[in-house]
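Please keep the sequence and the structure in view while reading.

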Amino acid sequence: SQRPPLPLDAPILKAGLAALFPTTREQPNWQKIAAFTAVRRPLSVITGGPGTGKTWTIARVLALLLEQPGSENLQVRLAAPTGKGAARLQETLAASVESLDCSASVKTRLQARDLSATLHRLLGPIPHSSRFRHNQERPLPVDVLVIDEASMVSLALMAKLLAAYPHANTRLLLVGDKDQLPPVDPGGVFGDICRAAAINQFSQATCRAYEECTGEILETNH
């Protein structure tokens, strides 16, 4: 996204990143960079193979956002294309939250049972119709939306999701493995996004902001 970063309390973000991502010898710390980017941008893509810590990172992104001032009414939802995926996401997130260095209230919110749903249930299916209750005229009541197993989302479903997504001061995180689980229906949107992102580089402004927030150097050629 070329839009400017969303507003955040910088000192609280700095403290949250330091607590949730302890200093390691491994540099750059891509999970920390992913979290920093995701909380500041309206659209983020997190991809990696099995066991690379995608849900671990998502838990920390959400904790950072829920620790921001005024986040008491922040509407957070998670969704996956299948019921099995949604249940696994909720279970893995709840387990990841246990180890978070954050407030008890944030942990409680991230372990709520109704946090995850299938994409179809989130959008509100209409019986005997291909349309959904949530659309451009009736957008989803969300401020932060995480889509797991995003590689399985077809072009048609992604179009309906984005039509129903409220774009003002909201965050959309697409998460998945670009090399696995292609959609059954036409259009591999997630894979196309990941391939297009391969030519991108961090801007100088992003590198400066990351260094100011973490004290770590982020090169523009990554």
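## Helix 9 and its two sides

A residue is called exposed when its relative accessible area is over 50%, and buried when that value is under 20%. In this predicted model, Gln204 and Glu212 are exposed on one side of helix 9, whereas the buried residues of helix 9 are Thr206, Cys207, Ala209, Tyr210, Cys213 and Thr214.

After helix 9 comes Gly215, which has a positive phi, near 80 degrees.

## Helix 2 against helix 9

Two packed helices are described by the angle between their axes and the distance between the axes. For helix 2 (residues 30-40) and helix 9 (residues 204-214), the angle is about 110 degrees and the axes are 11 Å apart, which means that helix 2 is roughly perpendicular to helix 9.

In this contact, Lys32, Ile33, Phe36 and Arg40 of helix 2 meet Thr206, Ala209, Tyr210, Cys213 and Thr214 of helix 9; the residues involved divide into 5 nonpolar, 2 polar and 2 charged.

## Helix 1

In helix 1 (residues 10-20), Leu13, Gly16, Leu17 and Leu20 are buried, and because they fall within an arc of 100 degrees when seen down the axis, they line one face of the helix. The face turned away from this buried side of helix 1 carries the exposed residues Pro11 and Ala18.

Helix 2, helix 3 (54-66) and helix 9 are among the elements that cover the buried residues of helix 1. At the start of helix 1, a side-chain oxygen of Asp9 comes to within 3.1 Å of the backbone nitrogen of Ile12.

Technical notes. Residues numbered from 1 in each chain as written. Predicted model: local features only at pLDDT ≥ 70, side-chain atom pairs only at ≥ 80, totals over all residues. Heavy atoms only, no water. Axes fitted to C-alpha atoms, helices over the stretch in contact; angles between N-to-C directions. Helix = DSSP H or I, 4+ residues; strand = E, 2+ residues; numbered from the N terminus. Parallel < 35°, antiparallel > 145°, perpendicular 65-115°, else oblique. Contact = heavy atoms within 4.5 Å. Nonpolar A, V, L, I, M, F, W, Y, C, P; charged D, E, K, R; others polar. Buried < 20%, exposed > 50% of the residue type's maximum accessible area, 1.4 Å probe, protein only. Arc of directions from axis to C-beta. Polar contact = N/O pair within 3.5 Å; in protein donor to acceptor, adjacent residues only side chain to side chain.
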